[in-house]
Every structure is written in C-alpha cells, then in structure tokens.
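Colleague: I would like to learn how to read side-chain features in a model. Please take me through some of them.

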Amino acid sequence: MCYGSFNLGGKDKIKRKEKNLTLKELAGDRITPGQISLVESGKSNPSIELLEYLAERLETDIEYFLESEEKQASRICEFYSNICESAIISENYLRAEEFIEKGLFYAQKYNLNYYKAKFEYFYAKIMFKKNDLEGAQLHCLNANSLFLKLDNIDYIIKSFLLLGHISIMMGYITTALNYFIQADGILNEHNHIDEVLKANILYNIAMCYYKLGNNEQAIAFASLAKDKLAALEDKNSMEKL
C-alpha cells in the first residue's frame with residue numbers, strides 16, 4: 001500500500017490501484033480513460049458529478065476525495081499502526097520498524113501527536129525486546145510525555161508500566177516502583193475499570209518492594225493483587241452461569 005500525493009487525482013489513483021482497476025475499467029461507459037488520466041495527473045479538476053461517479057465506481061464515498069490532508073494522513077498512520085502492532089505480537093521486529101518509519105513520516109509531517117507517541121511507544125517495545133534498554137527508555141519517555149499532554153489514559157498507563165519494566169531490567173528498582181505507583185494513581189484517579197491491569201500493577205509494586213527488602217509492603221500489595229484476581233475469577237464464573 002503506497003501513498004503519494006493527497007490531491008484529488010492522487011487519491012483517485014491510490015484507490016484505483018487498491019481495487020486493481022485499469023483506467024479503462026474505472027472509466028466504464030460514462031467517461032473515457034483519458035479523462036481519468038488527466039484527473040490523476042492533476043491536469044484537470046473534476047466536477048462534483050464526476051467525483052460522485054468515481055466514488056461509486058471505487059466503492060467509496062465522495063468525502064474520501066474531499067477530506068483534509070491531515071485526516072488522510074491520520075488514516076494512513078492508523079493503517080501503519082495496526083501493521084506494527086501485529087508485527088510486534090508475531091515478533092517480526094524488522095517489519096514493525098519498517099512501518100514505524102513510514103508512519104512517523106506522516107505523523108511528523110502533519111504534526112499528529114497521538115501517532116507520534118504511538119510509534120515512539122512501539123519503538124520502545126521493540127528495543128526492550130532486543131535488550132536495548134537505554135534506547136527503549138528514551139523512546140518510552142518521549143511517548144509518555146506526548147501521551148500525558150494528550151491525556152490518553154490507556155497509553156499513559158501502558159507507557160508507565162513499560163518504563164517500570166525497563167527500569168527493573170536496568171537495576172533501578174526505586175525508579176521502577178515510582179513508575180508503577182504513578183500508573184496505579186492514574187488508574188484510580190480516572191476510575192479506569194480494568195481488573196487485570198490493576199492486578200498487574202499491584203503485583204509489580206509488590207515485586208519492587210520485595211526487591212527493595214520491604215517485605216511488609218511486598219506482602220500487602222501481593223495480597224491486594226491476589227484479591228483482585230480472585231474477584232475477577234468469581235465474576236467470570238458468575239457470567240458463565
């Protein structure tokens with residue numbers, strides 16, 4: 001999937017290529033391939049009637065042609081973001097990095113901070129998996145800063161958790177504990193209901209206290225994590241009845 005210009009002709013060509021249509025096939029019986037060629041090359045400005053016809057032939061809507069460059073760039077970033085997530089899950093990091101670079105190009109060009117943050121977060125996850133801890137920390141801090149500005153609760157928590165795990169691997173247990181506590185605070189502050197996530201955070205806090213030699217706090221938070229998981233199991237059992 002390749003995107004070039006966002007002008008009307010460029011959008012037409014992109015969609016036509018996606019549908020594997022020739023100029024003649026797209027033209028049908030109403031217009032000529034030459035007319036479409038002029039539109040795609042930017043040498044002719046199509047009328048609304050022609051755009052409606054092309055939209056119908058391409059199985060899209062006229063808004064596709066008229067939407068802003070920023071909105072189109074956002075669609076592209078979402079497309080690349082989905083590929084990245086799938087590639088990371090399947091541990092195909094080379095493919096993930098390829099599409100991160102492609103996505104970042106549009107995110108930076110159109111100042112799409114949400115996608116800038118998301119691609120930084122993906123980079124952090126990849127580098128963490130590759131044991132490049134300093135690189136992972138840098139990218140995750142960049143992502144976290146952007147997510148905080150955007151007030152994106154889900155990814156603020158995810159980035160704090162990743163920063164915590166990175167810090168543990170680097171041997172900075174107190175720093176890791178602070179990240180996990182911040183994640184827990186945001187979860188509580190926004191009444192974010194995710195029992196599995198809550199239990200995960202509590203468990204990580206318990207592990208940090210254990211590593212720091214504070215067994216009393218370690219036991220207390222481990223017990224809270226256990227209670228959360230037990231409550232979740234009871235809830236799932238009731239839903240199956």
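Colleague: Is Glu 59 buried or exposed?

Modeller: Start with the rule: buried means under 20% relative accessible area, exposed over 50%, and partly exposed in between (1.4 Å probe, protein chains only). Glu 59 has 66% relative accessibility, so Glu 59 counts as exposed. This is a predicted model, where local features need pLDDT of at least 70, side-chain atom pairs count only at pLDDT 80 or more, and totals for chains, interfaces and linings use all residues. Residues are numbered from 1 along each chain as its sequence is written, and side-chain values use heavy atoms, with hydrogens and water left out.

Colleague: Which residue forms a salt bridge with Glu 59?

Modeller: A salt bridge needs a side-chain nitrogen of Lys or Arg within 4 Å of a carboxyl oxygen of Asp or Glu. Here Lys 19 is the partner of Glu 59, with the closest N and O atoms 3.0 Å apart. This pair links distant parts of the chain, 40 residues apart: Lys 19 lies in the loop between α1 and α2 (23-27), Glu 59 in the loop between α4 (48-57) and α5 (62-66). Helices (H or I, at least four residues) and strands (E, at least two) are DSSP runs, numbered from the N terminus. Lys 19 is partly exposed, at 33% relative accessibility.

Colleague: How many salt bridges does the structure hold?

Modeller: Seven salt bridges. One of them joins Glu 40 and Arg 16, whose closest N and O atoms are 2.8 Å apart. That pair also links distant parts of the chain, with Glu 40 in helix α3 (residues 33-40) and Arg 16 in helix α1, 24 residues apart. Both Glu 40 and Arg 16 are buried.

Colleague: Where are Glu 18 and Lys 15?

Modeller: In helix α1 (residues 8-18); because they are three residues apart there, about one helical turn separates Glu 18 and Lys 15. Their side chains meet in a salt bridge (3.5 Å, N to O). Glu 18 is partly exposed at 36% relative accessibility, whereas Lys 15 is buried at 15%.

Colleague: Now aromatics. How many aromatic pairs are there?

Modeller: Rings of Phe, Tyr and Trp (its six-membered ring) pair if their centres lie within 6.5 Å; planes under 30 degrees apart count as stacked, over 60 as edge-to-face and the rest as tilted. The count comes to twelve aromatic pairs. Take Tyr 114 and Tyr 155: ring centres 6.5 Å apart, planes at 75°, so edge-to-face. Tyr 114 is in helix α8 (residues 113-129) and Tyr 155 in helix α10 (residues 153-170), 41 residues apart. Tyr 114 is partly exposed, at 28%; Tyr 155 is buried, at 8%. Phe 147 and Tyr 155 have ring centres 4.9 Å apart and planes at 20°, so that pair is stacked. Phe 147 is buried too.

Colleague: Which residues form one aromatic cluster?

Modeller: Tyr 114, Tyr 115, Phe 119, Tyr 121, Phe 122, Phe 147 and Tyr 155.

Colleague: What sits over the ring of Tyr 155?

Modeller: A charge sits over a ring if NZ of Lys or CZ of Arg is within 6 Å of the ring centre and within 35 degrees of the ring normal. The charged end of Lys 158 sits there, 4.5 Å from the centre of the Tyr 155 ring.
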